[in-house]
Amino acid sequence: MCAQNDNSISYQKLLEGNQKFVADALKIDPDYFAKLAKGQSPPVLWIGCADSRVPANQITNTKPGEIFVHRNIANMVIHTDMNMLSVLDYAVNVLKVKHVIVTGHYGCGGVIAAMSNKEFGLIDNWLRHIKDVYRLHADELVAIEDEQERVDRLVELNVIENVYNLCKTTIVQNAWANGQDLSVHGWVYSIETGIIKDMEVSTTDNGKMESVFRFSPPAP
Ligand SMILES: [Zn+2]
């Protein structure tokens, strides 16, 4: 028999935590899992960072069944990412979500790494997309002297650009063209305060989009 190390203790803790979760849920509602098993119709798709400190349900005080979730490093919307596109397509066209929210967070390791000149390996190819956001907003970012503030602003700009990336997908534009009720939003979460900042870039049509990205005129 192996001696338990810290890793196996934390692993075992998860299974014990699951038992507690089940017991607590059943205490409140004996039909809790039976109801959840019938299906899902979440009104929201969340595209967030994989960071362990930014769990969609906990920070929005929502429960299982309320948010459809996709997470990756630095909450990116990359137009060749089949994983993200599949989640988006299913959320919009099958689940008929009403809101898609890109949620970044201050202190994002992916954004900090992208701002550096260090080589991290395979992930550099992913982080390149954040460097592209930096390039698009270089004038504004270079003018910010405080490094922390510059990182914070790139986190915000990265969310805004990824909201625009979502709007540019055929999935979102076709939903709008078909008159589907769909809004796209950008948020930034502060791990230090727990507060979400709305970047106020909510979009419900492609009216303001550069024409080269439009697949159809805005819905009437
Ligand atoms: Zn992050």
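Trainee: What stands opposite Gly 104 in β4?

Mentor: Val 188 does. Keep in mind that this is a predicted model.

Trainee: How do you know that β3 and β4 pair?

Mentor: Two strands count as paired once DSSP finds at least two bridges between them. β3 and β4 are joined over seven bridges, in the parallel sense, so they pass that test.

Trainee: What is the order of the strands in the open sheet?

Mentor: The five strands run β2-β1-β3-β4-β5, with mixed pairing.

Trainee: And what makes β2 and β5 edge strands?

Mentor: Each pairs on one side only; β2 covers 67-72 and β5 covers 196-198. From one strand to the next, the twist averages 25°.

Trainee: Which helix lies across β3 and β4?

Mentor: That's α8, running at about 165° to β4.

Trainee: How do you know what span to expect for α8?

Mentor: Take 1.5 Å times one less than the number of residues. α8 has 22 residues, so the expected span is 32 Å. From its first C-alpha to its last, α8 reaches 31 Å, which is close to that.

Trainee: Which residues touch the most other members of the largest nonpolar core?

Mentor: Leu 45, Trp 46, Leu 166 and Val 172, out of 40 residues. Helix α8 (residues 147-168) gives the most to this core, with seven residues. As a general matter, nonpolar side chains tend to be buried together in soluble globular proteins.

Trainee: What does Trp 46 touch, leaving out residues up to four places away in sequence?

Mentor: Ala 56, Ile 67, Phe 68, Val 69, Ile 101 and Thr 103. A contact needs C-beta atoms within 7 Å, so each of these six pairs with Trp 46 meets that limit.

Trainee: How many helices and strands does the protein have?

Mentor: Nine helices and five strands. Of its 220 residues, 26% count as buried.

Terms used:
Residues are numbered from 1 along each chain as its sequence is written. This is a predicted model: local features need pLDDT of at least 70, side-chain atom pairs count only at pLDDT 80 or more; totals for chains, interfaces and linings use all residues. A nonpolar core is a set of buried Ala, Val, Leu, Ile, Met, Phe, Trp, Tyr and Cys residues joined through C-beta atoms within 7 Å. A residue is buried if 20 or more other C-beta atoms lie within 10 Å of its own, exposed if 12 or fewer, and partly exposed in between; C-beta atoms are placed from the backbone. Helices (H or I, at least four residues) and strands (E, at least two) are DSSP runs, numbered from the N terminus. Two residues are in contact if their C-beta atoms, placed from the backbone, lie within 7 Å. Axes are lines fitted to C-alpha atoms, for helices over the stretch in contact, and angles run from 0 to 180 degrees between N-to-C directions.
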